[in-house]
Amino acid sequence: MARDQIYLNDPLYDYMMAVSDRETPLLARLRAETKKLALGFWQVPANEGQFLHVLVKALRPMRILEVGTFTGYSSLSMATALPPGGTILCCDISKEFTDVARRYWQEAGVADRIELRLGPALDSLDALLTEGQAGTFDFAFLDADKVHYPEYA
């Protein structure tokens, strides 16, 4: 969570950040590369990626659905926490941004755990229903196309 998303006094916030953030060098490189992009502010904060990693480690979902992949920070954070045989299905509309994600997934050795579907999220989700995949995901992370959130349910 970003500093402006919660109210904590400065000493408590500084302490929380000092003891909680554990960004890997690969994730730090991805963050730095993404920050240079015109839409780099879309990237999830490091501690949100870490939180997703902890959730996946704790819940051990076998199938994750991510709507909104951007450059892959959140999907990479989750993929490295997947149990053996676990997978992530990522939905995004940008080949340009997801090409960055693919490079980092490959470098991290998790590309074989991630399927990417390019196109509008609602179309991708409708296709999943048509393919009989309703109810097959254990965990979902929605972080894009916020205006359509009610339609994702």
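How exposed is D99, in terms of relative accessible area? D99 is partly exposed, at 31%, where buried means under 20% relative accessible area, exposed over 50%, and partly exposed in between (1.4 Å probe, protein chains only). Here are some notes to go with the model.

1. **Ground rules.** This is a predicted model, in which local features need pLDDT of at least 70 and side-chain atom pairs count only at pLDDT 80 or more, while totals for chains, interfaces and linings use all residues. Residues are numbered from 1 along each chain as its sequence is written, and side-chain values use heavy atoms, with hydrogens and water left out.

2. **The D99 pair.** D99 forms a salt bridge with K95, at 2.8 Å from N to O; a salt bridge here is a side-chain nitrogen of Lys or Arg within 4 Å of a carboxyl oxygen of Asp or Glu. The two are about one helical turn apart because D99 and K95 are four residues apart in helix 5 (residues 95–108). Helices (H or I, at least four residues) and strands (E, at least two) are DSSP runs, numbered from the N terminus. K95 is exposed, at 51% relative accessibility.

3. **Other salt bridges.** The whole structure holds six salt bridges. In general, side chains of opposite charge can pair when their charged atoms come close. R31 pairs with E23, with the closest N and O atoms 2.9 Å apart, and E23 is partly exposed at 31% relative accessibility. R117 and E115 also form a salt bridge, with 2.9 Å between the closest N and O atoms. R117 is buried at 16%, whereas E115 is partly exposed at 38%. A network of salt bridges links E115, R117 and E131.

4. **The largest pocket.** Please look at this one around W42, G68, D92, D143 and A144, which are the closest to its centre among 23 lining residues. Its volume is about 460 Å³. A pocket is an open set of points on a 1 Å grid over the protein atoms alone, where a 1.4 Å probe fits, with protein on both sides within 12 Å along at least five of seven lines; lining residues have an atom within 4 Å of a point. Grid points are joined across faces, edges and corners, and a volume is the space filled by probe spheres set on the points. Helix 4 (73–79) and strand 2 (87–92) are the elements that give two or more residues to the lining. The lining has 11 nonpolar, eight polar and four charged residues, with Ala, Val, Leu, Ile, Met, Phe, Trp, Tyr, Cys and Pro counted as nonpolar, Asp, Glu, Lys and Arg as charged, and the others, Gly among them, as polar.

5. **The second largest pocket.** This pocket holds about 280 Å³ of space. Of its 15 lining residues, L65, L125, L128, L129 and Y152 lie nearest the centre. At least two lining residues come from each of helix 6 (121–130), strand 4 (139–142) and helix 7 (149–152), and helix 6 gives the most, with five. The lining divides into 11 nonpolar, two polar and two charged residues.

6. **Two backbone angles to check by eye.** R60 has a positive phi, near 55 degrees, in a residue other than glycine; R60 sits in the loop between helix 3 (46–59) and strand 1 (63–67). The phi of F70 is also near 55 degrees, and F70 lies in the loop between strand 1 and helix 4. F70 is buried, at 9% relative accessibility.
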